[in-house]
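Work through the exercises below with the structure open beside you. Try each task before reading its solution.

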Amino acid sequence: SNIETGKKAAAFAAVNENIKNNQKVGIGSGSTVVYAVQRLAQRIKEENLNIICIPTSFQANQLIQEHRLNLGTLETCPILDVAIDGADETDKDLTCIKGGGACLTQEKIVASCAKQLVIIADDRKDSQELGTNYKKGIPIEVIPMAYKPVQMKIQDMFGGEVILRMAQQKAGPVVTDNGNFVLDWKFTKPCDSWDKCNTCIKMIPGVVETGLFINMAKVAYFGTADGKVNKRL
Ligand code: DER
């Protein structure tokens, strides 16, 4: 499909331009990253590269193992050269909403350990303001016993609607790789300062992490339906 064409083009361009020998690479989660790992595996084989891959989820872990790539952890590799990850939406400042796949916490940790975060996405994700295209809200990982008070406090502080994310192939709520729940905060209007908003939300006891990635992405590759790539710094 055209969307897959865009995802693949973005992923291949990002891996072609940002990976070199002897690097430690954070591997994000989601469907676009699958193409990045495919291209990474090709390059490792063709160029005999020495790369260690650090996962951001069980899914990323499986992907690394399926392609027989070297699997590392933050314990053995606490400083990464680059992290490659998808996004649900980016704005004009490259602030990202992430967590559509409920992997936001380990993604943000791995991204924070990388010298640079490279975002790959099809161009549906490329917005001027958050909320323009991605309507599912900002994911917030919470400790299960606290989801109700956290839900209420966010609604009282910022308005909008905060929804406990329910699972599809499982009865009850989505449970993250860390054993937590996910709230999706459907904000009504973009915040003047996402940074202030993020800080307020993170202060609420029970909040583990938010899907707002602020001042983290250095560059974003957006793939178009006809296979072209727009790069934004
Ligand atoms: O869950 C996540 O944060 C993923 O990176 C998500 O934001 C992007 O997933 P996609 O590449 O399948 O759109």
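Predicted model: local features only at pLDDT ≥ 70, side-chain atom pairs only at ≥ 80, totals over all residues.

**Exercise 1. Say whether K125 is buried or exposed, and list what K125 touches.**

Solution. 
- Step 1. Locate the residue. K125 sits in the loop that runs between β7 and β8.
- Step 2. Apply the cut-off. Buried means under 20% relative accessible area. K125 has 13% relative accessibility, so this lysine counts as buried.
- Step 3. Find the contacts. Leaving out residues up to four places away in sequence, K125 touches A87, D88, E89, T90 and F222.

**Exercise 2. Work out which strands pair with β4, and in which sense.**

Solution. 
- Step 1. Take β1 (residues 23-27). This strand pairs with β4 in the parallel sense, over three bridges.
- Step 2. A83 in β4 has G26 opposite.
- Step 3. Take β7 (residues 117-122). β4 and β7 are also joined by three bridges, in the parallel sense. Here D85 has I119 of β7 as its bridge partner.
- Step 4. Now follow the side chains of β4 (residues 82-85). V82 and I84 point one way. A83 and D85 point the other way. All are buried.

**Exercise 3. Explain why β10 is described as largely enclosed, and identify its partners.**

Solution. 
- Step 1. Count buried residues. β10 (residues 181-186) has six residues and five of them are buried, so the rest of the structure largely encloses this strand.
- Step 2. Find one partner. β8 (residues 138-142) pairs with β10 over five bridges, in the antiparallel sense.
- Step 3. Find another partner. β9 (residues 161-164) and β10 are antiparallel too, with four bridges. L164 has L183 of β10 as its bridge partner.
- Step 4. Recall what holds such pairs together. Strands of a sheet pair through backbone hydrogen bonds, either parallel or antiparallel.

**Exercise 4. Describe the surroundings of R39: which helix holds this residue, and which residues does R39 touch?**

Solution. 
- Step 1. R39 belongs to helix α2 (residues 32-47).
- Step 2. List the contacts. Beyond residues up to four places away in sequence, R39 touches F12, V15, N16 and E46.
- Step 3. Compare sequence with space for one of these. R39 and N16 are 23 residues apart in sequence, and their C-alpha atoms are 8.0 Å apart.

**Exercise 5. Contrast N22 and A102: what is the phi of each, and is each buried or exposed?**

Solution. 
- Step 1. Recall the background. Most residues other than glycine have a negative phi.
- Step 2. Read the angles. N22 has a positive phi, near 60 degrees. A102 also has a positive phi, about 65 degrees. Neither is a glycine.
- Step 3. Locate both. N22 is in the loop between α1 (2-18) and β1. A102 is in the loop between β6 and α4 (104-112).
- Step 4. Exposed means over 50%. N22 has 52% relative accessibility, so N22 counts as exposed. A102 has 10% relative accessibility, so A102 counts as buried.

**Exercise 6. Decide whether the radius of gyration of the protein chain agrees with a compact globule, then sum up the chain as a whole.**

Solution. 
- Step 1. For 233 residues, a compact globule would have a radius of gyration near 17 Å. The protein chain has 17 Å, so the two agree.
- Step 2. Note the composition. The chain has six helices and 14 strands.
- Step 3. Check burial. Of the 233 residues, 52% count as buried.
- Step 4. Check the contacts. Among those between residues at least 6 apart in sequence, 73% join residues at least 24 apart.

How values were computed
Residues numbered from 1 in each chain as written. Heavy atoms only, no water. Helix = DSSP H or I, 4+ residues; strand = E, 2+ residues; numbered from the N terminus. Rg over C-alpha atoms; globule rule 2.2 N^0.38 Å. Buried < 20%, exposed > 50% of the residue type's maximum accessible area, 1.4 Å probe, protein only. Contact = heavy atoms within 4.5 Å. Pairing = 2+ DSSP bridges.
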